[in-house]
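Dear colleague,

I am handing over the structure below, and after it I set out what was found in it. Please keep it open while you read.

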Amino acid sequence: MGKLGNPQETIHLLQKHDFHFRKKWGQNFLIDPHVLDKIVEAAEVGKEDFVLEIGPGIGTMTQYLCEWAGQVLAVEIDKNLIPILEETLKEYDNVEILQGDILKQDIRQIVENYKEGRSVKVVANLPYYITTPIIMRLLESRIPLANITVMVQKEVAERMKAQPGTKEYGALSLAIQYYARPYLAANVPPNCFIPRPGVGSAVIRLDCLDKPPVEVQDESLLFCLIHASFNQRRKTLQNGLANSSELPFTREEIGRAIQNTGLPADIRGEKLGLKEFAALADELKKERDGKQYE
Ligand code: SAM
């Protein structure tokens with residue numbers, strides 16, 4: 001089996017195995033060697049790394065990863081792809097294929113079993129229907145990962161790295177930036193895939209932080225606040241938070257907390273950075289703790 005990464009090899013292999021694309025699993029396979037080089041380069045994969053690849057497809061990127069990494073584990077949901085992967089990866093002795101749904105795996109256990117003292121990286125051309133749940137699960141699990149380098153929908157990449165006051169900025173930007181530093185590695189047009197997706201794509205690398213960039217006393221309150229603020233994006237922060245069924249605070253308590261944080265009364269959530277959200281969460285925690293002792 002030669003090296004994949006061009007349209008002829010891919011089509012030939014798919015025909016040989018009578019493979020039919022499953023849209024529901026976001027199957028758009030990469031057919032551009034430059035993009036494949038770019039992803040592996042952006043991830044800075046080396047022999048000292050264990051790489052978890054999510055959704056290897058026919059193994060195109062997996063071949064590149066095997067060349068560069070110490071050990072690779074590829075988790076693929078589609079049973080029909082397993083015989084193809086066994087063929088395309090048979091020359092490599094540093095790869096294992098696991099058939100299953102990545103969202104149902106105990107990733108911490110997988111990493112423990114395979115890393116053997118290596119640094120851990122995640123690399124994937126992600127199925128777009130579950131991009132955010134996959135990335136958030138990886139980040140929230142706090143498994144020690146060096147970085148996560150993923151192909152995602154272009155708009156999602158822009159939202160991940162957006163700064164306050166921009167139209168792309170939202171709950172996803174804050175959630176990502178709480179755990180990682182995002183770096184846009186490449187924009188990738190639809191003609192680099194077979195079949196072509198209906199949207200543009202981008203490769204984003206998330207450098208995982210050892211600790212969050214802000215300190216906050218109650219992390220779940222911080223994320224409740226963030227979600228409530230962006231659920232009602234057009235409202236002022238005070239109205240948005242007061243209307244939220246997720247938050248147990250009165251309008252007055254919220255108003256007081258906003259004031260104590262040093263923010264203008266009519267500010268909108270989209271203007272706040274992580275630091276301000278964390279300060280506001282600490283003020284609201286004071287309100288809640290005060291109430292408990294009344
Ligand atoms: N890595 C290949 C490439 O770049 O050519 C394929 C990428 S394709 C965008 C996404 C892959 O993820 C498909 O092979 C699909 O079957 C697989 N996939 C979809 N949902 C999955 C899940 N929940 N767990 C594991 N793999 C999944």
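K154 counts as partly exposed, at 28% relative accessibility (buried means under 20% relative accessible area, exposed over 50%, and partly exposed in between, with a 1.4 Å probe and protein chains only). Its partner in a salt bridge is E158, with the closest N and O atoms 3.2 Å apart, where a salt bridge is a side-chain nitrogen of Lys or Arg within 4 Å of a carboxyl oxygen of Asp or Glu. E158 is likewise partly exposed, at 29% relative accessibility. Because K154 and E158 are four residues apart in helix α7 (residues 154–160), about one helical turn separates them; helices (H or I, at least four residues) and strands (E, at least two) are DSSP runs, numbered from the N terminus.

Before going further, please note that this is a predicted model, in which local features need pLDDT of at least 70 and side-chain atom pairs count only at pLDDT 80 or more, while totals for chains, interfaces and linings use all residues. Residues are numbered from 1 along each chain as its sequence is written, and side-chain values use heavy atoms, with hydrogens and water left out.

By the rule given above, the count comes to 13 salt bridges. One of them joins E44 and R205 at 3.6 Å, N to O, and this pair links distant parts of the chain, since E44 is in the loop between α2 (33–43) and β2 whereas R205 is in strand β9 (residues 201–208), 161 residues apart. R205 counts as buried, at 12% relative accessibility, and a network of salt bridges links E44, R205 and D207. Another salt bridge is formed by R256 and E287, whose closest N and O atoms are 2.7 Å apart; R256 lies in helix α11 (residues 251–260) and E287 in helix α12 (residues 274–292), so the pair ties together parts that are 31 residues apart in sequence. Of these two, R256 is partly exposed, with a relative accessible area of 39%, and E287 is buried, at 14%.

Turning to the strands, there is an open sheet of seven, in the order β4-β3-β2-β5-β6-β9-β7 and with mixed pairing (two strands pair if DSSP finds at least two bridges between them). At its edges stand β4 and β7 (180–188), each with a single partner strand, so one side of each is left without a neighbour in the sheet. Within the sheet, β6 (residues 147–153) and β9 run antiparallel and are joined by seven bridges, and Q153 has S201 in β9 as its bridge partner.

In helix α5 (residues 107–115), which residues are buried? They are I107, I110, V111 and Y114, and because they cover an arc of only 95° around the axis (taken from the directions from the helix axis to the C-beta atoms), they are on the same side of α5. What covers them includes β2 (49–54), β3 (71–76), β4 (95–99), β5 (119–125) and α6 (131–140).

Finally, the largest nonpolar core has 67 residues, and those with the most contacts inside it are I54, I135, L139, I148 and L280; such a core is a set of buried Ala, Val, Leu, Ile, Met, Phe, Trp, Tyr and Cys residues joined through side-chain atoms within 4.5 Å. Apart from it lies another core of 28 residues, among them V40, A43, C66 and V95.

With best wishes

Key
Contact = heavy atoms within 4.5 Å.
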